[in-house]
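Dear colleague,

Please find the structure below, together with its sequence.

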Amino acid sequence: MAKQYVVGIDIGGQTSKLGVVDARGDVLAQNVIRTDTFGTDADAYIAALAEAVKTCIAAANLTTEDIRGIGVGAPNGNYYTGVVAFAPNLAWAATQAVPLAEKLSAACGVPVSLTNDANAAAVGEMAYGAARGMKNFIMITLGTGVGSGIVVDGKVLYGHDGFAGELGHTCVVRHNGRTCGCGKTGCLEAYCSAIGIARTAREWLAASGQPTPLRELQNITSKDIYDAAQQGDNFSLRLFEYTGTLLGQSFADFVAFSAPEAIVLFGGLARAKEFLYEPMKRAMDENLLKIWKGKVKIVFSELKESDAAILGASALAWEL
């Protein structure tokens, strides 16, 4: 009898979320562990992840014998090799290549397929969310970093080496740009991730005396900025205007190489859409070539929280 269940795992910079998924795309059980408490010990993280997988399977009243496979979305995850390599937001993979698929498979006794986390989110959105029916779109994940998944003619673009789609590490500030976690300067991720907008806030606070409730906080987060913007704080509203403008300028560049029907936004920072959308759309439209003006939409994920990445990652497992 064919196995009718798979596991999808979304590895983020702070947490790893996983779920057991059935053939209809229903998530039967979920679990979560910290990603960022294992230092550089990749084996300790993989061991904890394997235990979380087994716990989640048990919570769905299943055993590993019922599981067809495990799909994993991870920063710098390589679809071809199953390796997570030099991912700046993962301490245990920041300076090394970790054969995560091989090791997790051995620990769980189940086949594992791995891809970039944004690619996984793109697959999930194409199957279940805002990109249903689309054959050409770009998925942008705004979380701890800025990830991307490029879909062309209904297929995820992997490139010759499995690493295509690192748009978060394209340059958005050419001169005197910030150093990114990847080692380059001026990367989109250094400005437009959740960490990036908080970094902008700290720089602006140090450079100006503008009143804002953010001055009372020691460790500013993107949620703090969002909350202040909701209260009408002009300083926080300017932060979103600046961040959205940089994103929109980059989107215009991205359109030039794959002519997508839409840019789909997903992740924690994307929840601030009421403050990001207008500056993003305006900056993108201002910088598009005339042949694409009015053709490219900016849309937001229709799937809650990590469902897009879990479902997208789980879709990989059906191929095993």
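A crossing of two helices is called left-handed if the near helix is turned anticlockwise from the far one by less than a right angle, and right-handed if it is turned clockwise. Helices (H or I, at least four residues) and strands (E, at least two) are DSSP runs, numbered from the N terminus.

Two remarks on the source come first. The model is predicted, so local features need pLDDT of at least 70 and side-chain atom pairs count only at pLDDT 80 or more, while totals for chains, interfaces and linings use all residues. Residues are numbered from 1 along each chain as its sequence is written, and side-chain values use heavy atoms, with hydrogens and water left out.

Helix packing

Helix α5 (residues 194-207) packs against helix α7 (residues 234-258) at an angle of about 125 degrees, and their axes are 10 Å apart. Axes are lines fitted to C-alpha atoms, for helices over the stretch in contact, and angles run from 0 to 180 degrees between N-to-C directions. The angle makes α5 oblique to α7; angles under 35 degrees count as roughly parallel, over 145 as roughly antiparallel, 65 to 115 as roughly perpendicular and the rest as oblique. The crossing of α5 and α7 is right-handed. On the α5 side the contact (heavy atoms within 4.5 Å) involves I197, T200, A201, W204 and L205, and on the α7 side F235, R238, L239, F240, Y242 and T243. These residues comprise 8 nonpolar, 2 polar and 1 charged. Here Ala, Val, Leu, Ile, Met, Phe, Trp, Tyr, Cys and Pro count as nonpolar, Asp, Glu, Lys and Arg as charged, and the others, Gly among them, as polar.

Helix α7 also meets helix α8 (residues 273-287): their axes come within 7 Å and cross at roughly 35 degrees. The crossing of α7 and α8 is right-handed. Residues making this contact include L237, F240 and F251 of α7 and F275, L276 and M280 of α8. The contact of α7 with α8 divides into 11 nonpolar, 6 polar and 2 charged residues.

Aromatic pairs

A search of the whole structure finds 12 aromatic pairs. Rings of Phe, Tyr and Trp (its six-membered ring) pair if their centres lie within 6.5 Å; planes under 30 degrees apart count as stacked, over 60 as edge-to-face and the rest as tilted. Y80 and Y158 form a tilted pair, 6.1 Å centre to centre with 55 degrees between the planes. Y80 lies in the loop between β4 (67-74) and β5 (84-85) and Y158 in the loop between β10 (155-156) and α4 (188-192), so the pair ties together parts that are 78 residues apart in sequence. Y80 is partly exposed at 48% relative accessibility, whereas Y158 is buried at 13%. Buried means under 20% relative accessible area, exposed over 50%, and partly exposed in between (1.4 Å probe, protein chains only).

Two buried residues

S113 lies in strand β7 (residues 112-116) and is buried, with a relative accessible area of 11%. Leaving out residues up to four places away in sequence, S113 touches I70, G71, V72, Y79, L316 and L320.

P260 is found in the loop between α7 and β11 (262-266) and is buried, with a relative accessible area of 4%. Beyond its neighbours within four places in sequence, P260 is in contact with N136, F137, I138, V255 and V296.

Yours sincerely
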